[in-house]
Amino acid sequence: MDGAFGLIVIGLWIFCLLDVISTDEYACRNLGKTMWVILVLFFPLIGSIAWLVAGRPESNPTSSMPYKGNHGHPSSFPEYDRPGRYVATNPEDDETFLRGLRERAEEQRQAYRANQQRELENQKRRELEEGDSTPS
């Protein structure tokens, strides 16, 4: 009896350890992936049960099986499900955001060009100084 229970625990432990390792970081629930690996590794029975109950990603059969109509619908991507994700409610907000991005990008381009121009001027000045200081 004890041998059978031991085999079941070892099988469960190996399954859960491999499952934790193969699960993506974002899909782990309640703890980070590293913490789940440590928990399952050092506490085989309790950690494995905890992983199955509280850590394993919830399965969504329609999005995980491509043959059941999953054609890469945006809701199958985890970044769309993250809390706090901003979604524009009207096109004007979106346009304001994009205009701000364009303005910021143009400011960065201008700063880069000015920096490049300064670098060229400094390099020319150094070359002239080196040319004047060489003995004839």
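The axes of helix 2 (residues 33–42) and helix 3 (residues 44–55) come within 5 Å of each other and cross at roughly 140°, where axes are lines fitted to C-alpha atoms, for helices over the stretch in contact, and angles run from 0 to 180 degrees between N-to-C directions. Helix 2 is therefore oblique to helix 3, given that angles under 35 degrees count as roughly parallel, over 145 as roughly antiparallel, 65 to 115 as roughly perpendicular and the rest as oblique. The model is a predicted one, in which local features need pLDDT of at least 70 and side-chain atom pairs count only at pLDDT 80 or more, whereas totals for chains, interfaces and linings use all residues. Residues are numbered from 1 along each chain as its sequence is written, and side-chain values use heavy atoms, with hydrogens and water left out.

On the side of helix 2, Trp36, Leu39, Val40, Leu41 and Phe42 meet Pro44, Gly47, Ser48, Ala50, Trp51, Ala54 and Gly55 of helix 3, contact meaning heavy atoms within 4.5 Å. The residues of this contact divide into nine nonpolar, three polar and no charged, where Ala, Val, Leu, Ile, Met, Phe, Trp, Tyr, Cys and Pro count as nonpolar, Asp, Glu, Lys and Arg as charged, and the others, Gly among them, as polar.

The structure holds one aromatic pair. The ring centres of Trp36 and Trp51 lie 5.5 Å apart and their planes stand at 70°, so the pair is edge-to-face; rings of Phe, Tyr and Trp (its six-membered ring) pair if their centres lie within 6.5 Å, with planes under 30 degrees apart counted as stacked, over 60 as edge-to-face and the rest as tilted. The pair links distant parts of the chain, with Trp36 in helix 2 and Trp51 in helix 3, 15 residues apart.

Both tryptophans are buried, and for Trp51 the relative accessibility is 0% (buried means under 20% relative accessible area, exposed over 50%, partly exposed in between, with a 1.4 Å probe and protein chains only). Apart from its neighbours within four places in sequence, Trp51 is in contact with Cys16, Asp19, Val20, Thr23, Cys28, Trp36, Val40, Arg56 and Pro57. Of these, Cys28 is 23 residues from Trp51 in sequence and 9.1 Å from it in space, C-alpha to C-alpha.

Asn30, in the loop between helix 1 (2–22) and helix 2, is exposed, with a relative accessible area of 65%. Although Asn30 is not a glycine, its phi is positive, at about 70°.

The chain as a whole has five helices and zero strands, helices (H or I, at least four residues) and strands (E, at least two) being DSSP runs numbered from the N terminus. Of its 136 residues, 12% count as buried. Among contacts with a separation of 6 or more, 47% come from residues 24 or more positions apart.
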